[in-house]
Amino acid sequence: AQDIARPLVLAAIHAEDEGEGERCLRAIMAYFMPKDHGGVISIGELVARLVNEADKPNTDDQRLIGRMGLRVLDGKCGERELFVANGQHPIMDRALAGTRWRGGGHRAALDTLANTRPSGGPMRVLSGPAMRGVIIPNQYMPVDLNDDEDGTDAG
């Protein structure tokens, strides 16, 4: 029983140390997005992949996260930032259902993250209209677990 309970207790302790922005971002990253051809993938896994791709971020992955109002910005591999659109998005609302961040409330929570800044202007995440949003710095991006073969944290 201790083997099962210990990780849950540690996660709860860590969650108490997190601020509003970290908890909101963790909820967004934990959402499982349905793939176009079946199956699901977490937003965190998609974002980690996009941030750490050697080439320009994959357009199929960008399209998936774009449905939620997210876009990984161009930049150096491992240093890319995340754009999060303001306002309501149906999929973002599903990801944040049952929380105070649904209905566009995620913006205020994400603004509490250190070094977060408003986008310089409207940005396009899909083929729809450009939107204003917030830029989440790379320090908050999920780690690409596929690059770490021995299971230890390199950073």
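Visitor: Which residues are linked in a network of salt bridges?
Guide: Keep in mind that this is a predicted model. Side chains of opposite charge can pair when their charged atoms come close. Here the salt bridges join up into a network, and its members are Glu 20, Arg 23 and Arg 100.

Visitor: And how many salt bridges does the count come to?
Guide: The rule asks for a side-chain nitrogen of Lys or Arg within 4 Å of a carboxyl oxygen of Asp or Glu. Go by that and the count comes to seven.

Visitor: Take Asp 61: which residue does it form a salt bridge with?
Guide: Asp 61 sits in helix H4 (residues 59–66), and its partner is in helix H3 (residues 43–52), 12 residues apart, so the pair links distant parts of the chain. The closest N and O atoms are 3.0 Å apart, and the partner is Arg 49.

Visitor: What separates Arg 63 and Asp 60 along helix H4?
Guide: These two form a salt bridge, with the closest N and O atoms 2.5 Å apart. Arg 63 is partly exposed at 36% relative accessibility, and Asp 60 is partly exposed too, at 44%. They are three residues apart in helix H4, so what separates them is about one helical turn.

Visitor: Now Asp 93, which is buried yet has no salt bridge: how far away is the nearest side chain of opposite charge?
Guide: Asp 93 lies in helix H5 (residues 90–95). The nearest side chain of opposite charge belongs to Arg 102. A salt bridge needs the atoms within 4 Å, and the distance here is 7.0 Å.

Visitor: Then which residue has its backbone nitrogen 2.7 Å from a polar atom of the Asp 93 side chain?
Guide: Leaving aside neighbours within four places in sequence, Asp 93 is in contact with several residues, including Gln 88 and Gly 104. The backbone nitrogen lying 2.7 Å from a polar atom of that side chain belongs to Gly 103.

Key. Residues numbered from 1 in each chain as written. Predicted model: local features only at pLDDT ≥ 70, side-chain atom pairs only at ≥ 80, totals over all residues. Heavy atoms only, no water. Helix = DSSP H or I, 4+ residues; strand = E, 2+ residues; numbered from the N terminus. Buried < 20%, exposed > 50% of the residue type's maximum accessible area, 1.4 Å probe, protein only. Lys, Arg positive; Asp, Glu negative; His and termini not counted. Polar contact = N/O pair within 3.5 Å; in protein donor to acceptor, adjacent residues only side chain to side chain. Contact = heavy atoms within 4.5 Å.
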